[in-house]
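Welcome, and please open your viewer. We will go from stop to stop, and at each one you will hear what to select and what is there.

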Amino acid sequence: MIEIISSGSELLCGKENTSAPYICARLFDIGIHPSFITVVSDNKEDFPKVLETAFRRSSAIIITGGLGPTFDDITVETVATAAGAQLCQSSEVLENIKKYFLNRGITLEGRMFEINSRQANVIKGAKIINNTLGTAPGQMFHFEYLSKDPATGECGAKSRKTVFLFPGPPREMKPMFEATALPFFKSYQAQITKTLIFKICAMPESQVEQSLSPVMQALKANQTIKTEFAITAHGGIISFKVSVSSDNELIVDETLKNIKLEVEKILGRNIFGYNEDTLESTVGKLLTKLQKKVSVAESCTGGAVASRITSVAGASVYFGYGIVAYSNEAKQKILGVNENTLESYGAVSEETAAQMSEGVLNISASDYSIAVTGIAGPSGATKEKPVGLVYIAVSEKKKAKGSSSPKIETKISKNMFSGNRQDITERAIVTALNMLRQTLEGK
């Protein structure tokens, strides 16, 4: 069995634990399923108890957190004590720590040196895992564990245990895990496992499951190959993960290929990508392929749509303007929204969304544009225009027959999103990007 221990008192005080889910997902991708996830505080009384339980029931333990230089970073010494091992200072790690600070113009002296040099203490016999993004090294440690009956204290048989120690920050942990732990567990695979993730939008999670239920049932009934499924939803995006395992790689590849064809047949254009694809990366690829540009005019989303588009490397090739016209004055002066439109229909209206979209399209000389205006809440709502009401417009320049000037064609959607301000904003972003994607895919 494999177990994950997340160390950190902050994880018991509301901070999200992102390391353990990441590790589980990556192990799942190779057909390995951890049996336990434990979160433990930085406490010298609780941590040893958690380790004792883990050593007793699991053959491999992955520990994240508690490798820093401060007083509450107790992972290394606690693991060493629990495993009956000694600590020693690594001159290599110490030198790496010094270089890390020197490269940032910091000289370790006095108390500062004493504090940070603690991170050079490693378990004797452990393999050091270099951390290129921080000062805390990881460690891989094998040892023989002598089991004891918790009730009687009688000793049992010895068994080999493997412990991985990784820093808590995901930015540091992930590349270290990918370089060491994942290959280690892959080497013990009895079967070949491959995974395909379908990225889906504009469908509720329940509808996705209902639509794909026949496919999943048919595959589960097949006794010749192992398949596993997972459906997750976040911010309007549905991820449908399929894992196929067999001792024959050709069978795995053929099965995944057939599943892909079946799912595409059922969900069609609701699928916007696969695996690591995002809506913004998909939109970027389509714009690049068409050699077109997009500009954005935003009100309630406050620049979040433009930020999402430009988060993709190389977005400068296809992104034109990003305008946050939050006030009516900005909508009029910058985007050319008609004063009568704002007075008659209001800032949150189909008419205003259309004029915002067409306005940014005209001043940016782009080929496509997006406009978003709505009420994200919690204030600003009326009976006629409640919180969650969002209008989204997508405009496109089209060549008009018999005219040198292009014709602008605008599509508008009226949306009622639920949730808090952040939820509504996220839904608006996803809907806007998906509207643009569908427009581009129609080319």
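Start by selecting Gln-291, which counts as exposed because its relative accessibility is 73%. Here, exposed means over 50% relative accessible area, buried means under 20%, and partly exposed lies in between, using a 1.4 Å probe and protein chains only. Gln-291 sits in the loop between helix H9 (279-290) and strand S13 (294-298). Its phi is positive, about 55°, although Gln-291 is not a glycine. Helices (H or I, at least four residues) and strands (E, at least two) are DSSP runs, numbered from the N terminus.

A word on what you are viewing: this is a predicted model, in which local features need pLDDT of at least 70 and side-chain atom pairs count only at pLDDT 80 or more, while totals for chains, interfaces and linings use all residues. Residues are numbered from 1 along each chain as its sequence is written, and side-chain values use heavy atoms, leaving out hydrogens and water.

**Zoom out**

Now show the whole protein chain. How many helices and strands are there in the protein chain? There are 14 helices and 17 strands. The C-alpha atoms fill a box of roughly 90 × 65 × 45 Å, taken along the principal axes. Of the 443 residues, 46% count as buried.

Next, colour the charged side chains. The protein chain has 49 positive and 46 negative ones, and the centres of the two sets lie 5 Å apart. Lys and Arg count as positive, Asp and Glu as negative, and His and the chain ends are not counted. Each charge is placed at NZ of Lys, CZ of Arg, CG of Asp or CD of Glu.

**Loops to visit**

Select Ala-365, in the loop between helix H13 (350-364) and S15. This residue is another non-glycine with a positive phi, near 60°. Is Ala-365 buried or exposed? Ala-365 is exposed, because its relative accessible area is 61%.

Move on to Pro-378, in the loop between strand S15 (368-374) and strand S16 (389-398). Look at the peptide bond leading from Gly-377 to Pro-378: the bond is cis, with omega near 0°.

Then pick Tyr-188, in the loop between helix H6 (170-186) and strand S9 (192-201). Tyr-188 counts as exposed because its relative accessibility is 59%.

**Helices to visit**

Select helix H3 (residues 75-83), where the buried residues include Thr-75, Val-76 and Ala-83. After H3 comes Gly-84, with a positive phi near 70°.

Now go to Thr-439 in helix H14 (residues 421-441). Thr-439 is buried, because its relative accessible area is 6%. Which residues is Thr-439 in contact with, leaving aside its neighbours within four places in sequence? They are Tyr-368, Val-394, Glu-396 and Lys-411, where contact means heavy atoms within 4.5 Å.

**Last stop**

Finish with Val-39, in strand S2 (residues 36-40). Val-39 counts as partly exposed because its relative accessibility is 32%.
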